[in-house]
Amino acid sequence: MTALTLYALTGAALIGLGLYGLIAARHLLRRIVAFNLLGSGLFLYLGAAGARGDGPDPVPQALIITGIVVALSASALAVGLLVAGARLSGRATLPEEAE
Amino acid sequence: MNALVVLLTLPLGGALAAVAFPAGVARGAALAAAAGTVAAALAVASEVAAGAPPRIALGGWPPPLGIALAADGLSAALLVTTAAVMAAVLLAARHTMAAGLAGPRIAFGFWPLALMLWAALNAVFVSRDLFNLYVGIELLSLAAVGLVAIGGKPEALAAAMRYMLFALAGSLLYLAGVALIYAAHGALDIDLLASRRPSGTDALALALMTAGLTAKTALFPFHVWLPPAHAGAPAPASAMLSALVPKASFVILLRLWTEALPDEASPAALTLIGALGVAAVVWGSLGALAQSRVKLIVAYSTVAQIGYLFAVFPLLPLAQAAWSGVIFLALSHALAKAAMFLAVGQWMAAAGGDRLEELRGLAQAMPMSAFAFALAAVTLAGLPPSGGFLGKYMVMTAAFTAGQWVWALPMALGGLLAAAYLYRPLAALFAREGASVAAPSRARQAVPLALAGGGIALGLASAEPLALLANGQPPIQAVVR
């Protein structure tokens with residue numbers, strides 16, 4: 001097994017964990033963390049499986065950098081919404097999922 | 001400067017200016033940027049119509065290393081329709097989103113978010129690179145979520161959060177498909193992918209991207225976030241969210257299935273998408289029938305109208321007319337739905353609410369916006385001579401040409417259901433009871449009327465848009481497998 005295969009498999013495992021958390025978690029902060037886990041897994045997979053030839057491949061790296069910026073902005077907005085919602089309603093879950 | 005570049009940079013620059021400058025200057029800067037963007041959209045459309053579609057490789061790097069921006073007939077039609085809707089929305093917002101009426105929070109946030117949304121839409125319409133499309137729809141989702149949450153009420157924040165979760169999950173599924181495509185082909189450009197050597201992972205990649213984008217488009221059964229999100233936002237925001245935002249992810253899907261990976265479009269997969277579309281038509285219409293608030297009726301109607309767009313998918317590889325038909329449906333829905341939300345916004349401001357009983361007799365005080373709603377209803381129900389009728393007619397012709405008459409049924413059934421759910425708000429509006437309310441000026445009522453008239457004009461003067469669309473129309477896969 002080469003290092004790249006190991007990275008790709010680790011990425012796949014992170015994708016699975018993140019997807020599970022995004023669907024199964026109730027607490028919105030857990031879901032946002034799960035989204036980031038899923039995103040990191042995808043970036044790892046993209047970097048490993050997308051690499052062509054010897055040495056570093058610039059295109060996947062450019063894609064990953066852009067993806068990280070996008071994921072960071074999305075996380076910031078999601079956390080902002082979560083905090084604003086929790087201040088008003090006193091809970092950090094969606095109304096229909098409150099225990 | 002190239003009009004394609006202006007389409008992307010000017011609204012973003014306007015959004016920055018609207019944040020940076022004090023309120024009075026900010027609105028002026030936003031409106032100036034909007035006027036320039038409308039001009040750029042028209043310039044691109046005229047270049048496409050003249051047979052010289054603009055195309056640039058960003059930074060001088062051609063694909064597969066760089067990113068190509070290009071406009072074809074589909075892009076041009078969507079750019080112009082978006083420009084018309086955005087111009088109307090911003091004109092309406094000039095009054096209703098002012099600090100005195102809407103509060104300082106909305107007056108500050110609305111302009112940058114609306115322009116950012118516009119820039120993202122334009123980016124999606126002209127990008128030829130799958131990853132650039134990802135960035136475009138992500139920027140679009142961030143702006144759209146912000147517009148849903150802009151009111152700051154607990155229900156609006158919950159609706160925005162629910163929307164955000166669907167949008168984030170959808171983006172990542174799409175991104176997973178993009179990663180698989182890049183791993184297999186080393187290219188993400190739509191034109192390069194069209195001439196690729198098929199790989200075993202392409203079907204999985206297409207499935208992942210489709211699942212993600214349908215969640216963002218709110219196709220049944222991923223529609224649950226849409227009605228509260230679209231109905232909870234202020235009316236001009238709802239108009240953009242319902243009329244324009246779903247079209248972006250839909251256009252990416254259309255390009256994936258007809259331009260980038262048409263050889264992976266198996267009949268079984270197309271039938272599944274078509275069946276979900278039919279389910280959306282029925283479910284959205286029944287949902288609209290069950291509502292008693294007109295904003296929710298209009299929002300559920302979007303779920304049903306999105307269903308039409310997907311019910312056409314099984315016909316796409318079989319008949320040319322299906323492709324133009326579905327685009328006509330998308331364009332006329334954009335014009336009609338924006339007109340409806342803007343009209344509803346005026347009634348809510350006058351009557352203080354949007355329950356059906358509160359709207360009784362409003363047509364007497366506001367004849368023009370009531371007429372706009374009625375014209376938009378004609379388009380949504382697909383009655384002649386509207387653009388909605390023409391779209392349905394082309395799709396039904398395609399269904400009969402292909403010998404697949406089953407896919408003509410949802411078009412007819414959906415029209416009947418739309419007539420049923422739109423009857424109730426119309427009956428309330430035109431009730432013979434005098435409602436004494438402070439009506440907005442004729443000039444303001446003319447804004448939704450112009451949009452609704454556009455939906456009708458699309459059917460009356462269809463030759464020009466059809467000729468525009470023919471530029472770069474993908475060839476059909478004539479083989480019936």
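1. B:Pro385 is placed in the loop between α17 (367–381) and α18 (387–401) of chain B; helices (H or I, at least four residues) and strands (E, at least two) are DSSP runs, numbered from the N terminus. The peptide bond that leads from B:Pro384 to B:Pro385 is cis, with omega near 5°. This is a predicted model, in which local features need pLDDT of at least 70 and side-chain atom pairs count only at pLDDT 80 or more, while totals for chains, interfaces and linings use all residues. Residues are numbered from 1 along each chain as its sequence is written, chains are lettered from A and ligands numbered from 1 in the order in which they are written, and side-chain values use heavy atoms, with hydrogens and water left out.

2. A cis peptide bond also joins B:Pro63 and B:Pro64, where omega is about 10°. B:Pro64 belongs to the loop between β1 and β2 (68–70) of chain B. In the loop between α9 and α10 of chain B lies B:Ala218, a residue other than glycine whose phi has a positive value, near 70°. Most residues other than glycine have a negative phi, and most peptide bonds are trans.

3. Which residues pair with stacked rings? The rings of B:Tyr163 and B:Trp225 are stacked, because their centres are 4.2 Å apart and their planes are at 5°. Rings of Phe, Tyr and Trp (its six-membered ring) pair if their centres lie within 6.5 Å; planes under 30 degrees apart count as stacked, over 60 as edge-to-face and the rest as tilted. B:Tyr163 lies in helix α7 (residues 154–185) of chain B and B:Trp225 in the loop between α9 (202–217) and α10 (226–232), so the pair ties together parts that are 62 residues apart in sequence. Over all chains, the count comes to 10 aromatic pairs.

4. A salt bridge links B:Asp191 and B:Arg55, with the closest N and O atoms 3.6 Å apart. The term denotes a side-chain nitrogen of Lys or Arg within 4 Å of a carboxyl oxygen of Asp or Glu. The pair links distant parts of the chain, 136 residues apart: B:Asp191 is in helix α8 (residues 190–194) and B:Arg55 in strand β1 (residues 55–57) of chain B. Over all chains there are 11 salt bridges.

5. Between chain A and chain B, the contact (heavy atoms within 4.5 Å) takes 33 residues from chain A and 31 residues from chain B. The buried area, meaning the accessible area (1.4 Å probe) that two parts lose on being put together, summed over both, is about 2,700 Å², and carbon and sulfur atoms give 85% of this. A:Leu42, A:Arg52 and A:Leu81 supply 20% of the area that chain A buries against chain B, more than any other three residues. The count of salt bridges between the two chains is zero.

6. On the side of chain A that touches chain B, α2 (28–49) and α3 (58–89) each supply at least two residues. The largest share, 15 residues, comes from α3(A).

7. The UniProt annotation "transmembrane region" (unreviewed entry) covers residues 6–25, 32–51 and 63–84 of chain A; UniProt positions follow the numbering used here, feature names are shortened, and annotations may be inferred rather than shown by experiment. Over residues 6–25 of chain A, the chain is 95% helix and 0% strand, and the end C-alpha atoms are 28 Å apart.
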